Amino acid sequence: MSLTSFFKNNADVRERFRQEFKKPKFLAENDLVAPPLTTHYPTVGAAFDYLLRFFIQHLNPHTIGGEWVAESVVEGRLAHDEDLYAKGEKIVSRARKDLASFLKTGQMSDALIESALSLATLDPILRAGVGHEMIGVVHKDDVQDLRNLISVVDKKIFTAKSLCLINPTFGSASKLVGGADADLVVDDTIIDIKTTKK
């Protein structure tokens with residue numbers, strides 16, 4: 001169950017939430033700031049989560065972050081297959097090296113972007129149990145899509161004064177709603193990131 005499903009299925013919770021929290025207005029009439037070059041929307045979206053996470057770690061050296069989804073896929077879902085495990089471990093290992101280099105230099109290299117895309121090819125294995133044949137497959141135009149997306153990120157929004165958490169969970173409260181977590185907490189703001197194709 002997702003957090004969205006939890007709200008849909010619990011009218012009393014939904015009503016109390018409406019009373020307690022003002023819903024922000026979203027200006028959906030705006031044009032896309034980075035129109036997609038490919039149709040690999042789920043992969044690019046997941047890769048953007050990784051790339052933004054890396055970017056935020058660079059902006060906020062004190063960032064606290066948990067394990068990557070890709071790491072849990074390798075150690076859990078791929079552990080039974082020697083070849084797939086080796087492929088996944090190579091992707092995670094390379095991503096760690098590319099991230100370390102980025103954190104040191106601040107240079108957004110194609111290698112880092114390709115690592116984000118490779119990590120993203122592992123995510124569907126955990127979320128849907130599919131995609132084994134796509135592990136590590138990176139398309140050139142997806143690299144440009146990610147470069148375009150990260151170029152429009154406003155550093156001010158993601159620069160923390162004191163607290164920066166990446167992919168925090170909320171303990172037993174997360175379990176109550178199907179394991180829901182947040183993408184980010186920056187100071188006193190919970191942030192959820194979505195990419196869209198239209």
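Helix 6 (residues 110-120) is largely enclosed by the rest of the structure, because eight of its eleven residues are buried (under 20% relative accessible area, 1.4 Å probe, protein chains only). Helices (H or I, at least four residues) and strands (E, at least two) are DSSP runs, numbered from the N terminus. The model is predicted, so local features need pLDDT of at least 70 and side-chain atom pairs count only at pLDDT 80 or more, while totals for chains, interfaces and linings use all residues. Residues are numbered from 1 along each chain as its sequence is written, and side-chain values use heavy atoms, with hydrogens and water left out.

Among the buried residues of helix 6 are Leu112, Ile113 and Leu117. The buried residues of this helix pack against helix 3, helix 4 (69-77), helix 5 (82-105), helix 7 (123-127) and helix 8 (contact: heavy atoms within 4.5 Å).

Asp142 lies in helix 8 (residues 140-151) and touches Thr38, His40, Val44 and Leu117, not counting residues up to four places away in sequence. The side chains of Asp142 and His40 make a polar contact (2.9 Å); a polar contact is a pair of N or O atoms within 3.5 Å, where within protein one must be able to donate a hydrogen and the other to accept it, and residues adjacent in sequence count only if both atoms are side-chain atoms.

Four strands form an open sheet in the order 1-2-3-4, with mixed pairing (at least two DSSP bridges between two strands). Strand 1 (64-65) and strand 4 (189-191) are the edge strands, each pairing on one side only. Strand 3 (residues 184-186) pairs with strand 4 in the antiparallel sense over three bridges, and Val186 stands opposite Thr189.

Methods
Buried means under 20% relative accessible area, exposed over 50%, partly exposed in between (1.4 Å probe, protein chains only).
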